[in-house]
Structure formats: structure tokens, C-alpha cells
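Please consult the sequence and the structure shown here while reading.

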Amino acid sequence: MNAVFKLFLSMSFSGGLLILALLLGKQFYKNKISRQWQYYIWLVVVLRLLLPFGAEINLLGKAYDAVDHAVTQAVPDLVGDRFIFDGGAEPGSEDESGAAEDVFIARPLADIGELLLYRIWLVWLIAALGFFIRKITIYQGFLRYIKAGLIPVSDMKRLDQLSIAAQRLSVKKPVELGVNPLVSSPLLIGFFHPCIVLPSADIPDKDVQYILLHELTHYKRRDLFYKWLVQAVVCLHWFHPVVHLMSREIARACEFSCDEAVLAKIGSSNAHDYGKTLLNAMAAVGKYKEHLGAVSLSEQKQLLKERLGAIMNFKKKSMAVRLLTGAMTLCVMCGAAFAGVYPVTAAANHDAKTPRASVDKKTAQGNEGTGSKSSRMFRTAEKYYEANSLPLFQMVFSQLDEGEQSDWLDRIYTDGNIACFSTLVQYMSQDMLEDWLDRALEDHQWAFQSVLYNALGQEEEFHAQKTKWEEAQAAEYKAVGVTTDGKNYYYKGKLVRIFLDVWSESSCTLNQNPKGTVNIKIVRDKKNKITGVAYLTKAEVTKLFGESTDNPDGKLKIIPVNFKTVAAGKTILLGEYKLSKGDKIRYDVFAKTGKGMQVFFAKDKNEDVVYWSVRNMRQPGEALNCTADFTVQRPAEPGTYKLYLKAADGALGDVKGSISIAFSDAA
């Protein structure tokens with residue numbers, strides 16, 4: 001799941017707890033504490049929903065630790081539509097095939113789960129933007145409607161009343177006054193050019209006085225900005241029902257607090273007259289409903305009885321109530337901080353579990369022999385790794401101890417499983433990333449270097465280093481008589497069919513060109529320096545592919561790829577082949593033009609399930625190629641498969657290369 005979205009969910013959860021606490025406590029403090037406090041205290045909740053702040057030890061941190069511990073105790077397998085504990089057989093046991101079958105059945109569900117987990121943040125963001133744009137659009141339509149029928153007030157008596165009310169409230173910015181008979185009650189619109197809209201010009205002077213004080217109080221307190229801030233929070237947390245309850249409660253509290261502020265200015269002796277003004281406002285004949293972007297005198301008319309009761313019972317709060325108010329404010333603020341957010345402890349946990357680059361296989365083997373929780377987790381990781389279930393493997397990997405994580409990283413690196421390795425860099429510290437980068441540089445593992453440079457934020461250094469190494473490598477090859485032209489190698493004027501250069505125990509360059517005529521290897525000394533070139537013997541070719549390339553009908557099948565163009569989105573069938581467990585597949589396909597290319601096997605091109613699929617996208621300054629090695633194993637079953645090449649993103653031009661299948665003895 002996207003880390004930012006995970007943080008956002010924790011903010012939504014902790015904010016929801018605060019909302020429920022305030023709503024449940026309302027029955028206690030509703031008639032005891034200032035209405036203005038009841039209005040502004042919601043700002044603490046709004047900030048809780050918007051800002052990722054929290055104490056070092058907090059509720060969300062404790063909850064995360066509890067879930068983390070539960071997952072560590074029992075990591076579930078998805079089998080069909082239910083969960084079971086990892087009770088599968090250990091690798092090598094008689095029941096091994098059954099356990100692997102469970103993983104294979106679970107794979108489609110795991111893929112769906114991965115898609116939802118890693119893309120759900122996009123659904124959230126699109127929905128939030130959609131809701132917010134819709135609110136803005138409706139508000140703009142509301143303003144156009146109000147302004148279309150707005151008649152500016154030119155009566156000097158009314159304008160004098162407006163000036164006196166503004167002076168009384170210390171409002172210095174000019175506020176316009178107009179009439180629109182279609183509005184159902186007096187209201188205030190406009191953020192930067194405020195305007196008070198009356199439903200009629202024939203309103204008694206005393207009522208006008210209170211109406212103007214009410215609307216100017218809204219303006220002075222910046223209630224329009226407050227309401228839109230709340231609407232932005234509602235859009236961001238659109239999936240949370242209690243956030244919508246909070247929005248309605250704030251709208252109610254806004255009018256109560258404004259009534260209280262006006263009464264504090266005019267005195268409780270005028271409460272009866274002010275209440276009468278509120279009643280008169282209800283009699284307006286306009287039918288247009290007030291919008292959330294405006295603040296009106298009679299918003300939410302169903303609360304009229306309660307508002308009138310609060311107006312009639314208005315009185316200044318005692319010192320004891322003020323002290324209680326201060327204590328409650330402190331409690332709410334502490335609650336907001338204590339509720340916390342996900343990363344506070346999660347980040348610490350990741351640091352605590354950060355693996356080191358050293359590999360201690362004896363320790364890992366010793367752990368497996370203890371029958372501990374870690375050994376069960378290790379076997380579960382083994383099963384998911386063999387099934388190529390990356391999301392589930394990643395989840396289990398995060399629960400392993402340092403030694404086991406290091407052991408797994410070494411194995412994944414040795415296997416050349418770049419896809420799996422790239423999902424695990426998030427668990428590495430800065431020092432560990434640098435250690436692995438040093439190792440990848442020494443082994444000339446460009447794919448791993450790319451991942452590690454990217455994790456370190458050093459993409460430019462990677463491109464510079466790769467270009468520098470390729471130039472130096474080409475010069476070393478040329479010194480012993482091997483020249484290169486793109487992906488083609490030449491030796492003594494002849495095109496090379498098989499080119500092999502082994503520079504470490506786990507890294508090599510192996511290139512195949514079916515049009516070539518010679519098979520060669522680069523010879524290196526103990527210090528890894530190139531000393532010459534030698535022809536590959538038939539035995540060496542057999543060791544690489546299972547059979548000599550001089551016998552194309554034997555155990556090695558090379559499928560040439562040569563297309564001048566491949567239309568955008570087109571899938572080309574390259575043949576149908578019977579594959580068995582242990583068969584080795586090699587892709588070496590290149591395109592001169594185009595953005596994306598995919599090579600894969602499938603039962604049928606219209607099926608969703610594909611195997612040994614490589615989908616590469618052209619990176620800036622790099623060639624578009626599909627190069628990869630695979631071994632036929634679970635979750636794919638032996639059988640007949642079709643080989644396809646697809647122009648995954650736009651048309652492809654000058655597509656060349658080959659795909660080889662080295663059949664095992666089982667074939």
C-alpha cells in the first residue's frame with residue numbers, strides 16, 4: 001500500500017475517534033459550555049484530519065505494534081476465498097506438491113489483492129478531487145444565480161445602518177449590501193468581496209440592525225473560510241461516515257456560536273428582540289436553498305426551536321465554567337496528539353528491523369532447526385518465493401529477523417531476481433543500500449545498480465556510471481579482438497552466435513544471435529582482468545543450454561525475432577512449444593523505436609494469466625530491450641504454451657533478437 005495513503009488512513013482513523021468522543025460528550029457539555037467553544041473546538045479535529053502530528057507514543061502506534069505482532073505470530077495463506085495458518089509441508093517433504101498447489105490456487109487472488117493495495121490510493125485521490133470540483137462547480141452556479149438577481153441597495157438609511165454595524169464590530173473592509181427576493185433568508189457571500197444579501201428591502205429597521213450584526217459577525221470570524229476548510233476535509237475523507245457527521249455538526253455550531261457572539265455584543269436584554277428577528281427571517285418567501293459556501297441567518301431551519309431556546313437562555317459563563325472549558329480544551333488537544341498517526345512507531349519498527357549486508361547462513365539454518373516462530377516464517381517465505389507471489393513474500397519478509405533477511409537478500413541477488421529485490425529496498429537503511437550498491441558495482445550488475453541508485457536518489461550517477469563502464473568494457477573487448485555493434489559481437493570478422501563473459505560467480509554477460517557462426521568466451525585471470533578470448537567447446541555449450549547449438553532439433557531451440565514494424569497494441573504469435581519443469585528460457589529481443597515491449601508465454605493470448613512475462617518500458621537515453629532468464633517451475637504447470645511478442649505502448653520499429661529454450665531431460 002502507498003505509504004502516504006497509509007499515513008492518511010491513520011489520520012482518518014484517529015480523527016474519527018476524536019469526532020466520536022466530541023459527539024458522545026455533547027449531551028454533557030451542550031448547555032453548560034460556551035457555544036463558541038463548541039464551534040471552534042472542531043478546528044482541533046480538522047487539524048488532526050489534515051496534519052500528520054502525534055506524540056512519540058500514541059494510540060495508532062500501539063495498534064500498529066499489535067497488528068505487527070499478530071502478523072508475526074501467524075502469517076495467513078490465501079487459499080480460495082479463506083485464510084489458513086501456514087501448516088503446509090516443508091520443502092522436500094512428501095506433501096511439498098500439495099503446499100505449492102495451495103500457493104498456485106491463491107495466486108490470482110494475491111494479484112488482485114496487490115492491485116487493490118497498491119492502487120487504492122489512486123481511487124481515493126480521484127474521488128476526492130471529483131467531490132471537491134463538484135462542490136466548487138455548484139458554488140459557482142449558486143453565486144451566478146444570486147448575482148444575476150441581485151439589486152444593490154441605494155437607500156442611504158440602510159447603508160448608514162450597515163456602516164454603524166460594521167463600526168460596532170470593527171469591520172474596516174467595505175461590505176456590499178443587496179436584495180434578491182428569491183433567497184429564503186439573509187446571507188453572506190464572497191470571500192474577498194463580501195456582500196450581504198437580503199430577501200426583501202421592506203424589513204423593519206430593528207430586524208435589519210440584528211441581521212447586519214449577525215452577517216458581519218460571520219464575516220469578521222472568517223466563517224466562510226472555516227466552512228470551506230471543513231468541505232475540503234470532507235472531500236479528502238469522503239469514505240469516512242463520521243467526517244460527514246462532523247461537517248453537519250460544525251454547520252449547526254456555526255449558527256449557535258454566531259448568535260452567542262451577537263448577543264454578547266448587544267446584551268442579553270435584547271435577546272427577545274433578536275429571537276423575534278430570527279422568527280421573522282423564517283417568513284421569507286424565497287425558495288432558493290442556501291449553499292454551503294454561504295452563511296445565512298436561518299441556516300438549517302429545523303434547529304429554530306433549539307436556537308431560540310439558546311438565545312432566550314443566554315448569559316455570561318461563570319469562572320468555574322471557564323476553567324472547565326480550559327480543561328476540556330486541553331483534554332481534546334492531548335487526545336488529538338495521543339491518537340497519533342501510523343509512521344511514528346512504524347518508522348522506528350522499520351529501522352529496528354533493517355537488515356545488514358552481511359550474510360550468515362549458519363545462523364539462518366540454526367534458526368530453522370529451533371522450531372521457533374522465525375523458522376515457520378522462513379518456510380512460509382520459501383513457499384511464497386518459489387510461487388513468485390511477491391506481495392505475500394514481501395509481507396512475510398518484513399517479519400523476519402536480521403540474519404534471515406540478509407540471507408534472503410543474498411539468495412535473491414544470486415538468483416538475479418530483480419523484481420523481488422526491488423520490492424525489498426524499502427526495508428534497507430542508507431548504509432545497507434550503499435553496501436549493496438558497492439557489491440552490485442563490483443559485480444557489474446546493472447539492473448540491481450539501477451534499483452539501488454534509484455532508492456538512494458542518485459539516478460544521474462547511475463547513468464553516468466553505466467556509460468563509463470560500457471565504454472571501458474568495449475575498449476577491453478576490442479583489445480583482445482572482440483568488437484561490438486549495438487547488441488552484436490564480432491570476433492575475427494565473424495558474427496558471434498554465443499558470447500559469454502563471466503566476471504563473478506553470480507554475474508555474467510550471455511548474448512545469443514542465431515545468425516552468428518562462432519561461439520566464444522572471454523578469458524579472465526584471478527584478478528578478473530581480461531587476458532584473451534577462447535572458443536566455446538561443445539561441452540561448455542551443453543553445460544550452458546543442455547545441448548549443442550549445432551543441433552537445432554535437439555534440446556536447444558532458438559526462435560529468431562525480426563520484424564520491421566509491430567503495430568501499437570498488436571500481439572504476434574512466435575510459435576507453440578511444449579514446456580517441462582526445468583526448461584530454461586532466455587529472452588534477447590530489442591527494438592530500435594517504440595516505448596514499450598512485452599514478451600510472454602500463455603495458453604492463449606486472450607487469457608489473463610501469462611507466464612515468464614517481461615514488459616520493459618524505454619528509459620531516457622537507453623535502448624528498449626527484453627532480456628531475461630527463466631526456469632520453468634511452479635506455479636506454471638508443464639504443458640503446451642504459445643509464445644507472444646506485444647507492442648505494449650505504441651508501435652515498435654526494427655524489432656530483432658532471439659528467444660531460446662533449453663529443454664531439460666524431462667522434455
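Lys206 is partly exposed, with a relative accessibility of 44%; the term covers values between the limits for buried (under 20% relative accessible area) and exposed (over 50%), with a 1.4 Å probe and protein chains only. The model is a predicted one, in which local features need pLDDT of at least 70 and side-chain atom pairs count only at pLDDT 80 or more, while totals for chains, interfaces and linings use all residues. Residues are numbered from 1 along each chain as its sequence is written, and side-chain values use heavy atoms, with hydrogens and water left out.

**Salt bridges**

Side chains of opposite charge can pair when their charged atoms come close. A salt bridge is counted here when a side-chain nitrogen of Lys or Arg lies within 4 Å of a carboxyl oxygen of Asp or Glu.

| Pair | N to O distance |
|---|---|
| Lys157 and Asp205 | 2.6 Å |
| Lys206 and Asp273 | 3.5 Å |
| Arg439 and Asp410 | 2.9 Å |

The side chains of Lys157 and Asp205 meet in a salt bridge. Lys157 belongs to helix H6 (residues 156–168) and Asp205 to helix H7 (residues 205–220), so this pair ties together parts that are 48 residues apart in sequence. Helices are DSSP runs of H or I with at least four residues, strands are runs of E with at least two, and both are numbered from the N terminus. Lys157 is partly exposed at a relative accessible area of 47%, and Asp205 is also partly exposed, at 32%.

Lys206 and Asp273 form a further salt bridge through their side chains. Because Lys206 lies in helix H7 and Asp273 in helix H10 (residues 271–281), the contact ties together parts that are 67 residues apart in sequence. Asp273 has a relative accessible area of 25% and is therefore partly exposed.

Arg439 is paired with Asp410. Arg439 is located in helix H19 and Asp410 in helix H17 (residues 402–415), so the pair ties together parts that are 29 residues apart in sequence. Arg439 is partly exposed, with a relative accessible area of 25%, whereas Asp410 is buried at 9%. Salt bridges that share partners also join Lys26, Glu249 and Arg252 into one network.

**Surface patches**

Patches are built from residues with over 30% relative accessible area and no salt bridge; like charges are joined within 9 Å, and nonpolar side chains (Val, Leu, Ile, Met, Phe, Trp, Tyr) within 5 Å. Accessible areas come from the Shrake-Rupley method with a 1.4 Å probe, and for residues only the protein chains shown count as cover. Lys and Arg count as positive and Asp and Glu as negative, with His and the chain ends not counted. The place of a charge is taken as NZ of Lys, CZ of Arg, CG of Asp or CD of Glu.

A patch of negative charge on the surface gathers Asp431, Glu434, Asp435, Asp438 and Glu442. Among these residues, Asp438 is found in helix H19 (residues 430–443) and is partly exposed, with 49% relative accessibility.

A nonpolar surface patch is formed by Leu125, Leu129 and Ile133, which together have about 270 Å² of accessible area. Ile133 is placed in helix H5 (residues 96–148) and is exposed, with a relative accessible area of 53%.

**Helix H8**

Of the 14 residues of H8, 10 are buried, so the helix is largely enclosed by the rest of the structure. The buried residues include Tyr226, Trp228 and Cys235.

**Loop residues**

Most residues other than glycine have a negative phi. Ser170, which is not a glycine, has a positive phi of about 60°. Ser170 sits in the loop between H6 and strand S4 (176–179) and is exposed, at 54% relative accessibility. Arg222 likewise has a positive phi, near 60°. Arg222 lies in the loop between H7 and H8 and is partly exposed, with a relative accessible area of 41%.

Pro194 occupies the loop between strand S5 (187–189) and strand S6 (195–198). Pro194 is buried, with 1% relative accessibility. Pro194 and Glu176 are 18 residues apart in sequence and 6.3 Å apart in space, C-alpha to C-alpha.
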